[in-house]
Structures are given as C-alpha cells and as structure tokens.
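The structure is shown first.

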Amino acid sequence: PILLFEAAISVDVGRLRRDLVPVVSLAGPGMLLSLGVAGLLLHVGLRLPVGLALLLGAMLAATDTIAVIASFRRVRAPQRLATLVESESLLNDGTALVAFTTLLAVVLEGRFDPSRGLLALAWVTLAGLAVGAVVGFLGSTLMHRTEDHLMEIMLTVIVTFGSALAAEALHASAVLAVVAGGIAVGHWGWPGISATGKVAIRSVWEVAAFGVN
C-alpha cells in the first residue's frame, strides 16, 4: 500500500485522462499478452503444467518500474512518456494481481467456470476501484476541514490502509483500491491541503516508499 499510494498521489488526472486508452491497453491486453507469452515459454521450456505456467506468468507480468522512473527523472524524459509508464505501472499491479488470483482459483479447483470467473473478476476490479474512490473522497473532504499538517498526514495513512482493508473485507482488489484512493486524494484533496501539509505529506511518503524499497 505504501508504494502504491506514494505513486498514485502524484498522478496527473488530466494527463491520465488524455492517455487513458494507451494506459489501459498496456495494463489490460498488454499484461495478458505478457502473461500468455511467459506462460507458453514456461510450459514448453520447463514442462510445467499449463495452469502453473500461467500462474507464474501472471507473477512475472507485474512490471516493476522503480528503476525506470528514477532514470526518467535523472535524464528529464518527456513528461508524457513518464506519465504513461507510471500510470501503466499502477494499473498493471492491479490487473496482474487480479489475473493471478483468478488463475490460482482455477489451479486449486481444477476447472474454470467462465460465467463465475468473469463475474468474480468484474467484482474484484470494480468494487476495488469504487471502495478506493469513496475512501479517498471522504479523506479529501476531511483534509479540507483542517490546517493541521499532522492531521493531514494521518488522514493520508487512513486512506491508504483503510481503502485496502475495506476492499479485502469485501473480497475486492486491495491494490486497485489503494491506487484509486491515492488518485482521489491527489485530485480532490490536494488543492485544499495547506502548504505545510503538502511539503510534509510529500516528505513522509517519499521516506516511507524509500524505506519499503
């Protein structure tokens, strides 16, 4: 949750909206293509059963862009390219995890029910996004009612872990919930946060993300 929130709160919603089609294409069909290719190579090369090969492929399909983004900042790469990579990475974490949990259920049960699987996939995805957006909006509303930077920091922590826990309680995607919560705070809450609070929040979450990395 720490890494996801720290990245999501910095997302420019305007740029994300303009680049939504390529971002979703990379995080959705692109992720599934990576999963399929990795699974096929593992099945053919290591003789793994198809289910296990695809399961491992889902684990490998989750991109880790920390080093790439750090390099972008050093060389001052075009802003749109950085936005595409960061936004795709955020959504990719969620879609890859949803694919992994779906495949894990298939491997454990030994069969796949298409209707049940698709309904479960839709619930995990949409409910996770909805929970995160609601928790993020509520947290943003409370941030507008205080100028205490310590309270503002605490509210971001509550949004981060509250959205994850609420999503898990509803058997939805905690990853997508944290991403949606972070984007909601960055979009709705950030303009109303005090100047001191903005500096403090950035510093706290940068240190937290650095520590986790």
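## Model

The structure is a predicted model.

## Largest pocket

The volume of the largest pocket is about 850 Å³. Its lining is made up of 34 residues, and those nearest the pocket centre are L91, T95, T125, L129 and L176. Helix α6 supplies the largest share, with nine residues.

Sorted by class, the lining of the largest pocket contains 26 nonpolar residues, seven polar ones and one that is charged.

## Nonpolar surface patch

A nonpolar patch on the surface is formed by M151, M154, V157, I158, F161 and L165. Together these residues have about 540 Å² of accessible area.

M151 counts as partly exposed because its relative accessibility is 41%, a value in between the limits of 20% for buried and 50% for exposed.

## Salt bridge

Side chains of opposite charge can pair when their charged atoms come close. The structure holds one salt bridge. It joins the side chains of D19 and R80, with an N to O distance of 2.8 Å. The two partners come from distant parts of the chain, 61 residues apart: D19 sits in the loop between α2 and α3, while R80 belongs to helix α6.

How accessible is D19, in relative area? The value for D19 is 6%, so this residue is classed as buried, the cut-off being under 20%.

## Two further residues

V107 is located in helix α6. With a relative accessibility of 32%, V107 is classed as partly exposed. From C-alpha to C-alpha, V107 lies 38 Å from D12, and the two are 95 residues apart in sequence.

R76 is found in the loop between α5 (66-75) and α6. Is R76 buried or exposed? R76 is exposed, because its relative accessible area is 76% and the class begins at over 50%. Along the chain, R76 and S25 are 51 residues apart, and a distance of 25 Å separates their C-alpha atoms.

Methods: Residues are numbered from 1 along each chain as its sequence is written. This is a predicted model: local features need pLDDT of at least 70, side-chain atom pairs count only at pLDDT 80 or more; totals for chains, interfaces and linings use all residues. Side-chain values use heavy atoms; hydrogens and water are left out. On a 1 Å grid over the protein atoms alone, a cavity is a set of points where a 1.4 Å probe fits but cannot get out, and a pocket is an open set with protein on both sides within 12 Å along at least five of seven lines; lining residues have an atom within 4 Å of a point. Grid points are joined across faces, edges and corners, and a volume is the space filled by probe spheres set on the points. Helices (H or I, at least four residues) and strands (E, at least two) are DSSP runs, numbered from the N terminus. Ala, Val, Leu, Ile, Met, Phe, Trp, Tyr, Cys and Pro count as nonpolar, Asp, Glu, Lys and Arg as charged, and the others, Gly among them, as polar. Patches are made of residues with over 30% relative accessible area and no salt bridge: like charges are joined within 9 Å, nonpolar side chains (Val, Leu, Ile, Met, Phe, Trp, Tyr) within 5 Å. Accessible areas come from the Shrake-Rupley method with a 1.4 Å probe; for residues, only the protein chains shown count as cover. A salt bridge is a side-chain nitrogen of Lys or Arg within 4 Å of a carboxyl oxygen of Asp or Glu. Buried means under 20% relative accessible area, exposed over 50%, partly exposed in between (1.4 Å probe, protein chains only).
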